[in-house]
Amino acid sequence: MSAISSEPKEGAAGPAEPPQDFFDARAEFASRFLAGEGLEIGALHLPLAMPPQARPKYVDRMSADQLRSEYPELGGWTLTDPDLIDNGELLETVADGSQDFIVANHFLEHCEDPVRTIGTHLGKLRPGGVLFYAVPDKRYSFDHRREVTPLEHMVADHEQGPERSRREHYDQWARLVDTEDDPEAPEEMQARARKLEEKLYSIHMHVWTQAEFLKMIIYCRERYEEAFDIEAAARQGLEFVVVLRKQGPPPEAAVPLPPPPPPGLATRVKRRIRRTIG
Ligand SMILES: C[S@@+](CC[C@H](N)C(=O)[O-])C[C@H]1O[C@@H](n2cnc3c(N)ncnc32)[C@H](O)[C@@H]1O
């Protein structure tokens, strides 16, 4: 099974249904917070709908042709052609302090060291620039049988190097996600895990619920000396979206907030409510 499919396996209890949506977080946050020149990493078949004031360049680890053969299940989709081929965890081809925004949807969970990735992305932003991340909530995806990755695990991966837990991630994936073969055959599962590991197949390395993901974001804020604020966070369907702003004035093209209501309006509304409810 690929990293893209979210179909539950036959015989296994499927993931929980995500609660009802209240608004379109990706679209709302994109139009509110994205402006200027930036990057979208791993857009693949679902590039973010960018507002007119945002000019993205697309980054992926492979060309569109290679992505097409990596993800045959996306045969019916148009795949985004990357402008830059680069490792989105390191962005070595991108100058520090050069971007107004970086979008990476359903990407952070693929990263071996998400704490380092967030630090790297911050470094690539201009002051006031924005990081925009959507991550799947493991309760509602094919990861539902995996344990939430605790914050301490990500911190240890960051401090000791992600190689320390790589094998464990592939084992988990083969056992609890990629279980098309007989789940009772441990040798086959081991062999599958080693094969995926050998080709560094892009699995979900870490899995989160929204609360655990937010813990990591707060941890990064402390670790990176409060280099950013959390502008917005919301659940949408099976995913969770956060927008982080690097300290500094936002880029000039950013959408201004709507003007505040005229003074006295709040008082008039309160009076009317009081009259209505007696
Ligand atoms: C699950 S898809 C995300 C598709 C889409 N953005 C979405 O919202 O569903 C993950 C994407 O990230 C890319 N990717 C994974 N690891 C990467 C890396 N280290 N560097 C650059 N791109 C990477 C994959 O090639 C793929 O295009």
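Ala27 sits in helix H1, residues 25-33. Ala27 and Ala49 are 22 residues apart along the chain, and their C-alpha atoms are separated by 6.7 Å.

Some ground rules. This is a predicted model: local features need pLDDT of at least 70, side-chain atom pairs count only at pLDDT 80 or more, and totals for chains, interfaces and linings use all residues. Residue numbers start from 1 along each chain, as its sequence is written. Helices (H or I, at least four residues) and strands (E, at least two) are DSSP runs, numbered from the N terminus.

Now the overall picture. The chain has eight helices and seven strands. Its C-alpha atoms fill a box of roughly 70 × 50 × 40 Å along the principal axes. Of the 278 residues, 35% are buried. Two residues are in contact if their C-beta atoms, placed from the backbone, lie within 7 Å. Take the contacts between residues at least 6 apart in sequence: 71% of them join residues at least 24 apart.

On to helix H4, residues 151-160. Which residues of H4 are buried? They are Met154, Asp157 and His158. Seen down the axis of H4, these fall within an arc of 95°, so they line one face of the helix. That arc is taken over the directions from the helix axis to the C-beta atoms. A reminder on spacing: an α-helix has 3.6 residues a turn, so residues three or four places apart point the same way. The face of H4 turned away from the buried side carries exposed residues Glu152, Glu159 and Gln160. And what do the buried residues of H4 pack against? Helix H3 (114-124), H5 and helix H7 (210-223). After H4 comes Gly161, with a positive phi near 100°.

Next, H3 against H4. Their axes come within 7 Å and cross at roughly 70°. That makes H3 roughly perpendicular to H4. For the terms: angles under 35 degrees are roughly parallel, over 145 roughly antiparallel, 65 to 115 roughly perpendicular, and the rest oblique. Axes are lines fitted to C-alpha atoms, for helices over the stretch in contact, and angles run from 0 to 180 degrees between N-to-C directions. At the contact, Pro114, Val115 and Arg116 in H3 meet Met154, Val155 and His158 in H4. Those residues divide into four nonpolar, one polar and one charged. Here Ala, Val, Leu, Ile, Met, Phe, Trp, Tyr, Cys and Pro count as nonpolar, Asp, Glu, Lys and Arg as charged, and the others, Gly among them, as polar.

H3 has its own buried set: Pro114, Val115, Thr117, Ile118, Thr120 and His121. These pack against strand E4 (99-105), strand E5 (125-136), H4 and H7.

On the H5 side, the contact is made by Arg166, Arg167, Tyr170, Asp171, Trp173, Ala174 and Arg175. On the H6 side, Met189, Arg192, Ala193, Leu196 and Glu197 take part.

Pro136 lies in strand E5. Is Pro136 buried or exposed? Pro136 counts as buried, because there are 24 C-beta neighbours inside 10 Å. Leaving out residues up to four places away in sequence, Pro136 touches His106, Glu109, Ser141, Leu238 and Glu239. Leu200 is 64 residues from Pro136 in sequence and 21 Å away in space, C-alpha to C-alpha.

Last, two backbone cases. Leu44 is not a glycine, yet its phi is positive, near 50°. Leu44 is in the loop between strand E1 (36-41) and strand E2 (54-60). With 22 C-beta neighbours inside 10 Å, Leu44 counts as buried. Glu226 is not a glycine either, and has a positive phi of about 55°. Glu226 lies in the loop between H7 and strand E6 (228-236). With 9 C-beta neighbours inside 10 Å, Glu226 counts as exposed.

Terms used: A residue is buried if 20 or more other C-beta atoms lie within 10 Å of its own, exposed if 12 or fewer, and partly exposed in between; C-beta atoms are placed from the backbone.
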